[in-house]
Amino acid sequence: MHRLMPFTALLGATALRAEPQEVALRLDWDESRCTTAGLLHGGALMALADAAGGWCAFLNLPDGATGTATVTSATNFLRPVTSGHVEAVARVLHRGRTTIIVDTEVRDAAGKLAARVTQTQAVLR
């Protein structure tokens, strides 16, 4: 993952699994990734979800495609994360010739939904 998406190394993400049906990444809570009051920064959650979603889309590319790029991303933040870790699990909602739509759930260490991200990935040729 870090070789294919170098930003994930900078972010500190860890790959848990990567299959066409589901990609799961983990990010540990760390003070350096926080905003005020020790809240894990929303940008860190979004970046983790984008990486999981992008990888999931990549694993579902149609024949002849060379890669993907995020064209839209909508995030709903549902609860703050102040300790532990988060896991982002991405699954394809739609696999088309020109776009792939991915839904990613971000859950805290207790398994509670912290954010939900829906993104559209362009299919590159």
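Helix 2 is largely enclosed by the rest of the structure, because 12 of its 17 residues are buried. Buried here means under 20% relative accessible area, exposed means over 50%, and partly exposed lies in between (1.4 Å probe, protein chains only). The model is predicted: local features need pLDDT of at least 70, side-chain atom pairs count only at pLDDT 80 or more, and totals for chains, interfaces and linings use all residues. Residues are numbered from 1 along each chain as its sequence is written, and side-chain values use heavy atoms, with hydrogens and water left out.

Helices (H or I, at least four residues) and strands (E, at least two) are DSSP runs, numbered from the N terminus. Helix 2 covers residues 42-58 and spans 24 Å from its first C-alpha to its last, close to the 24 Å expected at 1.5 Å a residue. That expected span is 1.5 Å times one less than the number of residues. Among the buried residues of helix 2 are Leu45, Leu48, Trp55 and Cys56, together with several alanines, including Ala44 and Ala51.

The largest nonpolar core has 29 residues, and the members touching the most others are Leu11, Leu25, Leu48, Val86 and Val106. A nonpolar core is a set of buried Ala, Val, Leu, Ile, Met, Phe, Trp, Tyr and Cys residues joined through side-chain atoms within 4.5 Å. At least two residues of this core come from each of strand 2, helix 2, strand 4, strand 5 and strand 6. Helix 2 contributes the most, with 10 residues.

Which residues does Leu48 contact, leaving aside its neighbours within four places in sequence? They are Leu11, Ala13, Leu25, Arg26, Leu27, Val86 and Ala88, where contact means heavy atoms within 4.5 Å.

### The largest pocket

The largest pocket holds about 290 Å³ of space. Pockets are found on a 1 Å grid over the protein atoms alone: a pocket is an open set of points where a 1.4 Å probe fits, with protein on both sides within 12 Å along at least five of seven lines, and lining residues have an atom within 4 Å of a point. Grid points are joined across faces, edges and corners, and the volume is the space filled by probe spheres set on the points.

Of the 14 lining residues, Leu4, Met5, Ala51, Gly54 and Trp55 lie nearest the centre of the pocket. Helix 1 (7-11), helix 2 and strand 3 (67-77) each give two or more residues to the lining. Helix 2 supplies the largest share, 6 residues.

Met5 sits in the segment before helix 1 and is partly exposed, at 22% relative accessibility. Not counting residues up to four places away in sequence, Met5 touches Ala51 and Trp55. Met5 and Ala51 are 46 residues apart along the chain, and their C-alpha atoms are separated by 7.8 Å.

### Salt bridges

The whole structure contains 6 salt bridges. A salt bridge is a side-chain nitrogen of Lys or Arg within 4 Å of a carboxyl oxygen of Asp or Glu. Three of them are listed here.

| Pair | N to O distance |
|---|---|
| Arg17 and Glu22 | 2.7 Å |
| Arg91 and Glu22 | 2.8 Å |
| Arg116 and Glu105 | 3.6 Å |

Glu22 pairs with Arg17 and also with Arg91. Arg91 is in strand 4 (residues 85-95) and Glu22 in strand 2 (residues 22-28), so this pair links distant parts of the chain, 69 residues apart. Glu22 is buried at 16% relative accessible area, while Arg17 is partly exposed at 34% and Arg91 is partly exposed at 36%.

Arg116 lies in strand 6 (residues 113-124) and Glu105 in strand 5 (residues 99-108), so their bridge ties together parts that are 11 residues apart in sequence. Arg116 is partly exposed, at 34% relative accessibility, and Glu105 is buried, at 16%. Both belong to a network of salt bridges that also includes Asp103 and Arg107.

### Two further residues

Thr120 lies in strand 6 and is buried, at 17% relative accessibility. Beyond residues up to four places away in sequence, Thr120 touches Ala69, Thr70, Val71, Thr72, Thr99, Ile100 and Ile101.

Ala37 is found in the loop between strand 2 and helix 2. Ala37 has a positive phi of about 60 degrees although it is not a glycine, and is exposed, with a relative accessible area of 73%.
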